[in-house]
Each structure stands twice: as structure tokens, then as C-alpha cells.
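User: I'm new to reading protein structures, and I'd like to know what the labels rest on. Can we go through this one together?

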Amino acid sequence: MAEFVHLHLHTGFSLLDGACRIDELLDEAVKLNMPALAVTEHGNMFSSVVFHDHARARGIKAILGCEVYVASGCRFEKSGPQTETNHLVLLAESDRGYKNFMKLVSAGYTEGFYYRPRIDKELLAQHSEGLIGLSSCLKGEVASALRVEQQRPALEAAARLRDILGANNFFLEMQYQGIEEQKIVNRGLIPLARDLNLPLVCTNDVHYLRQGDHQPHDVLLCIGTGKTVNDAQRLRYSGDQFFLNTAAQMAAVFGDHPEALRNTMAVAERCNVTIPQGQNHLPSFGVPEGFTLDDYFVHIAREGFAQRLPRLQHLAASGHLRHSIDEYGRRLDYELEMIKKM
């Protein structure tokens, strides 16, 4: 059995960033004899049910997670430095944790959204039961301090997350894909783990399935950020190591830290969430008398379009409308029909 489990991984549901297709990912995991696998999308749980069901059909334990964006201040703040975010990987240990996940991720969109769905530490503390946290990548709060060799702020950040999640539920995450800053962070994590009595865990921050997929993934990033591949200032991933490493490949990288490898197995054993099959929990929407559900949906959508029409007409008159008003109307018709079919 493998001595390593991937706990930090993005599929195509990490929109325009992850490039792993779930079925291909799981088929590869079967070939590599992986007993378990985590999926941790950026800020969402879009893949959770599909991943869970398809993994279970293949005999692989599905570990449900999310790489959340944590606001440096209050999630309700929509301007200034308080809107800056750090990454944090959360994994559902129990059914209670999965429910807390849903609350956190939903609030990230409904309360904290500012360019991306954001939670804050106050919200995390309210819904931390049943969750396991990993300190995440170079964009994690702990790693961000360590990469500039600020040990004290890193220690304070780690201690705060430990206090929120619980001493046995927060792991310091080591990564190495050939990036020099990761070496600095990994060196800093070791005394931090000792001083705070925190466990280490290693991950590979998987964004594509195979090593050769790094070039298509790079194009995907360009699409997501509206840049061209020749733009020197654009977002890019260094190297070609963000793929589904085998246990042996991970051992070759982290052989000096066997406890970090073993802890991936320990975390995987702790995570036991089962989503019941065959149960739909969709909300029931009441509609006014004389309407069907579809009729009322179309009615309020067209009302919204009518409210926006004066602005569209103003933009059209000033030459700033990208398409004709008729084209927007046709697009609305298309979207309404597609939603009703789905």
C-alpha cells in the first residue's frame, strides 16, 4: 500500500486553474494503487459530490476538501488592505465537518465575496468542528511570512490557526516543486513545528494530471487571467512539477521527512465522510398563483432585463455597447431555455 496520500489537489472545477478531469484522475489513482485522494478546489465545493461518488465506485476513499481564501481582516470589508487573502486547505474529517464546509463556502460567496469568495477567521472559528487544516502553499499565511524569513509572524499565524482548529487538527504543509522560496519555507517550518508541537505534512499541490500537461495548463492560466503566453508579467507556475506524483516520487522529494509522508496517511484515515446517495435536498420555491415554476423564473428574469434596458440604451447611444440590444435579448432567451432544460 502507498505510504503517501495526496491531500492538496485541484480539478477542472477550480475554474481556469485546475486541469485534472475527475474520471481520468481517478483512473490514474487506481493504476497507482492509491487508497485515498483529496480534492481541494479553490474557494468552492463544485466537484464534491461527483468526486465522492466516482471515487467510491472505484474503491478509492474520497477526502472532501477546499482551499479557501481567508481575508486578512473582516470578510465584510470590501476595500483596503483588509481585503488581501491567504490560502488555507481544509479537509472534512466527519459528516459534521462536511456540513461546516458548506456553511463556510456558502458564506464565502454570500458574505465575503470580493473578486473571490472569502471567509475570515471569525467565521472559521464558528464552523471549525470536524475540519482538518493544512497551512497551504506559498500563498498561505504561515508560508507568506516564512518566505521573507519573518519567523515571529509565521509562528503567531500558525498558533492562531492551531487554536481555531485544535492542536491535533492543524498541520504545517511542506511543498517542493523546484521553487527556491519553497526551500526557505520548508526550512522555517521545521522549528515552527517543534516550537508549537505541530505535525508536518507534505503535498504536491496538484493542478494537472501528468508532468507533460504543464504546457496546456499554462495556456489555461492565460485564459483565466486574460493574458497571452508571451506576457512576461503574467501569472505562471514555475516548472512542471504540479502533477499527480507517485508515492515513490514524493518519498524521493521528502525522504528526509518521513513523518510528513506518514502523516498524509494518518490524515486520510481520519477523514471519513459519506454523502448519502439518492437523496436530493433542493429547496422548494413557492410561486404566485397563475404561474408554474418555469413561468415565474422567466417572468422575473425578463423583469430584471427590463430594469437594465435603459442603461443598455444609454450605452448603445454613446457607442459603448459591445453588442446590439437585440443580441442581448436573444442571449437571454437562449440562457432561459438552457436553464429550463437543465
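User: Which residues touch the most other members of the largest nonpolar core, and what makes it a core?

Analyst: Leu 37, Leu 172 and Leu 192 touch the most other members, out of 68 residues in that core. A nonpolar core is a set of buried Ala, Val, Leu, Ile, Met, Phe, Trp, Tyr and Cys residues joined through side-chain atoms within 4.5 Å. Helix H6 (residues 151-165) supplies the largest share of this core, eight residues. There's also a second, separate core of 15 residues, with Leu 91, Met 265, Val 267 and Cys 271 among them.

User: Before we go on, what sort of model is this?

Analyst: It's a predicted model, where local features need pLDDT of at least 70, side-chain atom pairs count only at pLDDT 80 or more, and totals for chains, interfaces and linings use all residues. Residues are numbered from 1 along each chain as its sequence is written, and side-chain values use heavy atoms, with hydrogens and water left out.

User: What is Leu 192 in contact with?

Analyst: Leaving aside neighbours within four places in sequence, Leu 192 is in contact with Val 142, Leu 146, Gln 151, Ala 154, Leu 155, Ala 158 and Leu 172. Contact here means heavy atoms within 4.5 Å.

User: Why is Ile 60 called buried?

Analyst: Its relative accessible area is 5%, and buried means under 20% (exposed is over 50%, partly exposed in between, with a 1.4 Å probe and protein chains only). So Ile 60 counts as buried. You'll find Ile 60 in the loop between H2 and E2. Setting aside neighbours within four places in sequence, the contacts of Ile 60 include Leu 26, Val 30, Pro 35 and Leu 37.

User: And Ser 47: why is that one buried?

Analyst: Same test: Ser 47 has 2% relative accessibility, so it counts as buried. Ser 47 sits in the loop between E1 and H2. Beyond neighbours within four places in sequence, Ser 47 is in contact with Thr 11, Phe 13, Ile 22, Val 39 and Glu 41.

User: How do you know that strands E1 and E2 pair?

Analyst: Two strands pair if DSSP finds at least two bridges between them. E1 (residues 36-42) and E2 have seven, in the parallel sense, so they pair. One example is Ala 38, whose bridge partner in E2 is Ile 63. The chain goes from E1 through helix H2 (residues 48-57) to E2, a right-handed β-α-β crossover. Right-handed means that, with the strands pointing away from the viewer, the path from the first strand over the helix to the second runs clockwise. As for the names, helices (H or I, at least four residues) and strands (E, at least two) are DSSP runs, numbered from the N terminus.

User: What else is E2 joined to?

Analyst: Seven bridges join E2 to E3 (residues 85-92), running antiparallel, and two join E2 to E4 (residues 118-119), running parallel. Val 68 has Leu 88 in E3 as its bridge partner, while Tyr 69 has Arg 118 in E4. E2 (residues 61-71) is mostly covered, with 10 of its 11 residues buried.

User: What makes the span of helix H11 close to the expected one?

Analyst: The expected span is 1.5 Å times one less than the number of residues. H11 (residues 293-317) has 25 residues and reaches 36 Å from its first C-alpha to its last, close to the 36 Å expected.

User: Where does H11 bend?

Analyst: At Arg 308, by about 40°, and Pro 310 follows within four residues. That bend is the angle between axes fitted to the seven residues ending there and the seven starting there.
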